[in-house]
Amino acid sequence: YEIHWRDWSSDVCSSDLNIVIIFTNISIFLFVGCSSKKEHNSNFSMDQIEQLQFSNVKPINILDKDKLLLDFNVFLTEKEISINELVDNVKFIPLQTTEESLIAEVNKLICTEHHYFILDSDIGKNVFIFSSEGTFIKRIPTGQGPEEIYNPGDIAIDEEQNHLIVYNRKGLSYYDYKGNFIKRELLPFNFKNFRIIPDGFLFIIAPNQNNHLKELSKMQVLITDRNFRIITAGLPFHYSENISYGITDYTSSLMNETNFAFKFSNKIYQYVDTLSIQEKYQLDFSDKELPDQYLGISSNDIFDTLKNNDFYYFMGNYIKNDTHEYFALYNRYNKKRFQTFIFRDKESGKLIGGNKITLNDSIPFFGYPLTAYKNEFIGAISPQAINHYLSENEEKRKNNTLFDQLDSDSNPIVIKYTLK
């Protein structure tokens with residue numbers, strides 16, 4: 001029984017004495033990039049290009065003196081742990097289901113004290129706002145109008161201004177936390193992900209999307225001011241520029257700290273200032289790491305390589321809260337498609353992880369982190385997974401009244417939990 005949910009998260013539920021692990025389709029979404037459709041400078045006006053002031057752009061200083069090496073090799077095997085070893089406290093928040101609020105897929109989740117912001121970019125092409133209690137507030141209108149969004153690619157929160165910012169149609173659309181439109185700003189380049197930093201933005205760039213940037217188009221990271229003037233650029237692409245691996249790379253912001261990582265890499269970076277980026281962690285899973293030599297081959301060939309070899313790979317999944325950090329590795333050998341989760345205690349450095357979780361009646365569901373807030377990790381569980389669990393025993397449904405109204409068309413359940 002497989003729930004197609006999200007490329008790096010999954011739902012887990014228990015069933016009597018048999019443990020049912022419900023993993024998502026963790027396909028890598030490998031696809032050939034835009035090598036056959038090179039972007040022409042005509043996509044941008046000469047004024048936009050001149051405003052970039054290429055001659056003033058400085059290289060990003062990559063700091064690695066204080067980098068920590070995290071040894072994950074012990075987790076490169078099938079390992080099961082009990083939910084009782086891992087989780088301390090769990091809360092379930094059903095998201096209100098209405099005709100206007102239906103979510104097809106949770107591709108990104110941002111949590112603040114009073115709100116959830118959800119990006120459904122792959123299927124529904126929508127952005128939703130819910131209260132922290134799960135009450136539906138608004139779906140951002142979709143369309144080609146100036147106050148609407150079309151095919152959104154990423155979202156971020158400006159906590160100082162209380163703004164939701166949506167990347168779509170080569171620009172950023174700004175809304176307040178009630179979903180009211182504020183403004184729209186066009187950008188002089190294309191990108192995949194962005195984060196708000198003090199006095200500017202950090203952009204993760206896609207290959208072959210910005211030929212007008214000249215040599216800067218070979219860099220994965222651009223740092224700009226609030227007017228999108230590029231200040232620094234760095235971190236050249238680590239794989240073939242003719243292939244784009246995945247839809248998005250991962251970036252996160254917590255407590256004014258911005259971290260990011262790239263698919264098929266083994267490093268996690270931290271933004272320091274407009275001139276500097278720190279190599280925060282290097283992940284060591286070298287015993288079974290996918291060799292770099294395969295990153296330049298075609299999409300079909302790399303799928304075959306992963307299916308036929310016991311290789312692990314990192315897709316950029318790094319999330320931290322006040323007390324712990326979360327990492328995920330993947331393995332597709334013999335079509336297993338399992339996800340290895342690793343949690344790290346920030347104070348002691350202790351690691352705990354595996355690829356299977358034994359659940360119980362008191363904690364019948366589990367979702368891997370999509371985001372974090374304060375000391376909680378936050379994920380989402382599909383209603384299909386919950387109904388599969390409850391349908392097997394009527395007594396279970398009576399003991400889980402929170403899920404009485406769920407059906408296959410219901411919205412996901414947000415799960416918030418702290419670790420021991």
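Predicted model: local features only at pLDDT ≥ 70, side-chain atom pairs only at ≥ 80, totals over all residues.

Author: Glutamate 100 has a relative accessible area of 38% and is therefore classed as partly exposed. Its side chain forms a salt bridge with arginine 139, with 3.1 Å between the closest N and O atoms. Glutamate 100 belongs to the loop between S8 and S9, whereas arginine 139 belongs to strand S12, so the pair ties together parts that are 39 residues apart in sequence.

A further salt bridge joins lysine 108 to aspartate 154, their closest N and O atoms being 2.7 Å apart. This pair also links distant parts of the chain, since lysine 108 lies in strand S9 and aspartate 154 in strand S13 (residues 154-158), 46 residues apart. Lysine 108 is buried at a relative accessible area of 14%, and aspartate 154 is buried at 1% relative accessibility.

Strands S9 and S12 belong to an open sheet of four strands, arranged in the order S9-S10-S11-S12 with antiparallel pairing. S9 (108-111) and S12 (136-139) stand at the edges with a single partner strand each, so one side of each is left without a neighbour in the sheet. On average, and ignoring direction, neighbouring strands of this sheet are turned by 15 degrees against each other. Within the sheet, S10 (residues 115-120) and S11 (residues 126-131) are joined by six bridges in the antiparallel sense, and histidine 115 stands opposite serine 131 in S11.

Strand S8 (residues 87-94) runs antiparallel to S34, to which seven bridges join it; isoleucine 93 stands opposite valine 414 in S34. S34 also pairs with strand S33 (residues 376-381), again in the antiparallel sense, over five bridges. Here phenylalanine 377 has tyrosine 417 of S34 as its bridge partner. Seven of the seven residues of S34 (residues 413-419) are buried, so this strand is largely enclosed by the rest of the structure. Both of its faces are covered, with Ile413, Ile415, Tyr417 and Leu419 buried on one side and Val414, Lys416 and Thr418 buried on the other.

The structure holds 18 salt bridges in total. One of them joins glutamate 279 and lysine 67, at 3.0 Å from N to O. Glutamate 279 is in strand S25 (residues 276-284) and lysine 67 in the loop between S5 (61-63) and S6 (68-71), so parts 212 residues apart in sequence are tied together. Glutamate 279 is buried, with a relative accessible area of 7%, whereas lysine 67 is partly exposed at 27%.

Methods
Residues numbered from 1 in each chain as written. Heavy atoms only, no water. Pairing = 2+ DSSP bridges. Helix = DSSP H or I, 4+ residues; strand = E, 2+ residues; numbered from the N terminus. Axes fitted to C-alpha atoms, helices over the stretch in contact; angles between N-to-C directions. Buried < 20%, exposed > 50% of the residue type's maximum accessible area, 1.4 Å probe, protein only. Salt bridge = Lys/Arg side-chain N within 4 Å of Asp/Glu carboxyl O.
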